[in-house]
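This report describes a protein chain for a reader who has not seen it before. Please look over the sequence and the structure before reading on.

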Amino acid sequence: MPGKFVIAKEVEVRVDDFGTSCWLCNPSNTGAKQLTVIDVNLDPGKGHNFHKHPHQEEVVLVVAGKVEQWVDRDKGILGPGDSAFIPADVVHASFNCGDQSAKIIVTLGPCVGPVGYELVDVSDEAPWKTLRK
């Protein structure tokens, strides 16, 4: 396949505990081998808790809202146009610290597994479970 158009209204919206996500590019919907791209909406006060991707680098790009972004033990407050690069196997988290929905575009590479994504949740482990207290 030489490429594929991804039409927003045709992408399945997945409801998560932190908001919604739309998988724009991954092996199962585009045949991608190197990139997984996810459009994420974080509800106010919610977030994607501390986790890591052992074999994937990641870029988090803030499109709208205000995001408390963690990369290892470093915290930054990001706004529209700001981004964070996360090397493979580095713990990170993204939380909406504003009072409106926050939108981020997440790009990971290379693809891992049939959905192009691997995740190890570490939110219940030290020191991650107490960093935001």
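## An aromatic pair and its cluster

Phe-50 and Trp-70 are both buried, where buried means under 20% relative accessible area, exposed over 50%, and partly exposed in between (1.4 Å probe, protein chains only). The model is predicted: local features need pLDDT of at least 70 and side-chain atom pairs count only at pLDDT 80 or more, while totals for chains, interfaces and linings use all residues. Residues are numbered from 1 along each chain as its sequence is written, and side-chain values use heavy atoms, with hydrogens and water left out.

Rings of Phe, Tyr and Trp (its six-membered ring) pair if their centres lie within 6.5 Å; planes under 30 degrees apart count as stacked, over 60 as edge-to-face and the rest as tilted. By this rule the structure has 4 aromatic pairs. The pair of Phe-50 and Trp-70 is edge-to-face, at 5.6 Å centre to centre with 65° between the planes. Phe-50 belongs to strand S4 (residues 47-52) and Trp-70 to strand S6, so the pair ties together parts that are 20 residues apart in sequence. Strands here are DSSP runs (E, at least two residues), numbered from the N terminus. Ring pairs join Phe-50, Trp-70, Phe-95 and Trp-128 into a cluster.

## The five-stranded sheet

An open sheet of 5 strands has the order S7-S6-S9-S4-S11, with antiparallel pairing. Two strands count as paired if DSSP finds at least two bridges between them. S7 and strand S11 (120-121) are the edge strands, each pairing on one side only.

Strand S6 (residues 67-71) and strand S7 (residues 74-78) are antiparallel and share 5 bridges. Gln-69 stands opposite Gly-76 in S7, and the bridge partner of Trp-70 in S7 is Lys-75. The hairpin of S6 and S7 has 2 residues between the strands, and in this hairpin Asp-72 takes a positive phi near 60°.

## The six-stranded sheet

Another open sheet has 6 strands in the order S1-S2-S3-S10-S5-S8, and its pairing is antiparallel. Its edge strands are strand S1 (13-16) and S8, each of which pairs on one side only. The twist averages 20° from one strand to the next, with axes taken as lines fitted to C-alpha atoms (for helices over the stretch in contact) and angles running from 0 to 180 degrees between N-to-C directions.

S1 pairs with strand S2 (residues 19-25) in the antiparallel sense over 4 bridges, and Asp-16 stands opposite Gly-19 in S2. S2 pairs with S3, also antiparallel, over 6 bridges; here Cys-25 is opposite Val-37 in S3. S3 and S10 run antiparallel and are joined by 7 bridges, with Leu-108 in S10 as the bridge partner of Thr-36. Because 6 of its 7 residues are buried, S3 is largely enclosed by the rest of the structure.

## Two nonpolar cores

A nonpolar core is a set of buried Ala, Val, Leu, Ile, Met, Phe, Trp, Tyr and Cys residues joined through side-chain atoms within 4.5 Å. The largest has 15 residues, and those with the most contacts inside it are Ile-38, Val-40, Leu-42, Val-67, Ile-104 and Val-106. Strand S3 (36-42), strand S5 (57-64), strand S8 (83-86) and strand S10 (102-109) each give two or more residues to this core. S10 gives the most, with 4 residues. Apart from this core lies another, of 7 residues, among them Phe-50, Trp-70, Val-91 and Val-122.

How many disulfides does a search of the whole structure find? The search finds 0, a disulfide being a pair of cysteine sulfur atoms within 2.5 Å. Cys-25 is in no disulfide, and the nearest cysteine sulfur, that of Cys-111, is 6.4 Å away. Cys-111 is likewise in no disulfide. Cys-25 is buried, with a relative accessible area of 18%, and Cys-111 counts as buried at 16% relative accessibility.

## An exposed loop residue

Gln-100 lies in the loop between strand S9 (92-96) and S10. Gln-100 is exposed, with a relative accessible area of 58%. From C-alpha to C-alpha, Gln-100 and Asp-43 are 7.2 Å apart in space, and they are 57 residues apart in sequence.
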